[in-house]
Amino acid sequence: MFEDLLLWHTAPSNVHTKLVKLHHTSSVFQAELVAIKHACTYIQNKNITHAIIHTDSLSSISALKQSNNTHPIVTDIHKTLHQIQYTHTHNNILFSWVKGHSGVEGNEAADKAANKAAKAHKAPDFISCPISYIKKKIKDETLVTSQTRYSNENKGVHTKNIFPLLSDIDNFFKAIPVSFQMTQFLTAHSYAKHYLHRFHISDDPLCPCDNNSIQTLDHLTRQCPRFTLARHAHEELCWYADTEPYSISQIIKKNVTSKSFENFVKHIINNLKNFNQNTRDN
């Protein structure tokens, strides 16, 4: 990233331009402050007592107004301004905001200088990354590590089939709230006989609808005749909404399909235990 400093002194024809290269991790906020810092240093070195520093960065002006701001570049600017004030009792250094990319001659010239500097090959003059960059770097690395562990884990195959990415889980629960029924559906730890049979709670894993199909959650949501009416209602709504009825990534993009899917799953889980119990008793 480059920041430019372009100053007119005495007259517009007398222009001082300085190109400063920042490390690629630097923020735009840092770049704007560095330019202002060099402007203040130039004013100090030239013993200028009256000057207006124009910038298109409102955030920089706001930060400089805060006398207790601890940002290192802001404190450097404050220090330089205090030194100018100490040296020249009657000084008048002002800051002015100008709208960027609006035809302001000095600002447009500064932008052109920055574009020119961006093509130059030189070592950075300023190497300091913001805390936000470090936090993002740590967050990104943590997400990669977590995703790798999640993908390589042997357990939770059912959940991983629904959510290949960890981010899919976050997106899902932003659209559909956590509930007892939804947890059973997403983990497959449910009243479905396929799961109960694994722990010898059920004599067999077969669905009473035909005593032949394995009663998994996939069978219950897509095939079991017991839930045909609820299934058709959900599928019909999704078709009208141009959404694949069993594609989680598509369903959660729309409030109406998210709610339909939530109601459908809750209907199955809420009635499944009685369905299996009553069929067995009969």
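**Basis.** I worked from a predicted model, in which local features need pLDDT of at least 70, side-chain atom pairs count only at pLDDT 80 or more, and totals for chains, interfaces and linings use all residues. Residues are numbered from 1 along each chain as its sequence is written, and side-chain values use heavy atoms, with hydrogens and water left out.

**Overall dimensions.** I looked up the radius of gyration, taken over C-alpha atoms. The protein has 32 Å, whereas a compact globule of 282 residues would have a value near 19 Å; the globule rule is 2.2 Å times the number of residues to the power 0.38. Along the principal axes, the C-alpha atoms fill a box of roughly 100 × 40 × 35 Å.

**Secondary structure and contacts.** I found 13 helices and 4 strands, both being DSSP runs numbered from the N terminus (helices H or I, at least four residues; strands E, at least two). Of the contacts (heavy atoms within 4.5 Å) with a separation of 6 or more, 56% join residues 24 or more positions apart.

**Surface.** The protein exposes about 17500 Å², of which carbon and sulfur atoms supply 54%; the areas come from the Shrake-Rupley method with a 1.4 Å probe, and for residues only the protein chains shown count as cover. Buried residues make up 38% of the 282, where buried means under 20% relative accessible area.

**Cysteines.** I checked for disulfides, defined as pairs of cysteine sulfur atoms within 2.5 Å, and the count comes to 0. Cys 207 is in none, the nearest cysteine sulfur being that of Cys 209 at 3.5 Å. For Cys 224, the closest cysteine sulfur is in Cys 207 at 3.8 Å, which is too far for a bond. Cys 207 is buried at a relative accessible area of 0%, and Cys 224 also counts as buried, at 0%.

**Helix 8.** I listed the buried residues of this helix (residues 180–187): Gln 181, Met 182, Gln 184, Phe 185 and Leu 186. An α-helix has 3.6 residues a turn, so residues three or four places apart point the same way. Just after helix 8, Ala 188 takes a positive phi of about 70°.

**His 234.** I located His 234 in helix 11 (residues 228–240). His 234 is buried, with a relative accessible area of 1%. Leaving out residues up to four places away in sequence, His 234 touches Pro 245, Tyr 246, Ile 251, Thr 257, Ser 260, Phe 261 and Phe 264.

Key
Buried < 20%, exposed > 50% of the residue type's maximum accessible area, 1.4 Å probe, protein only.
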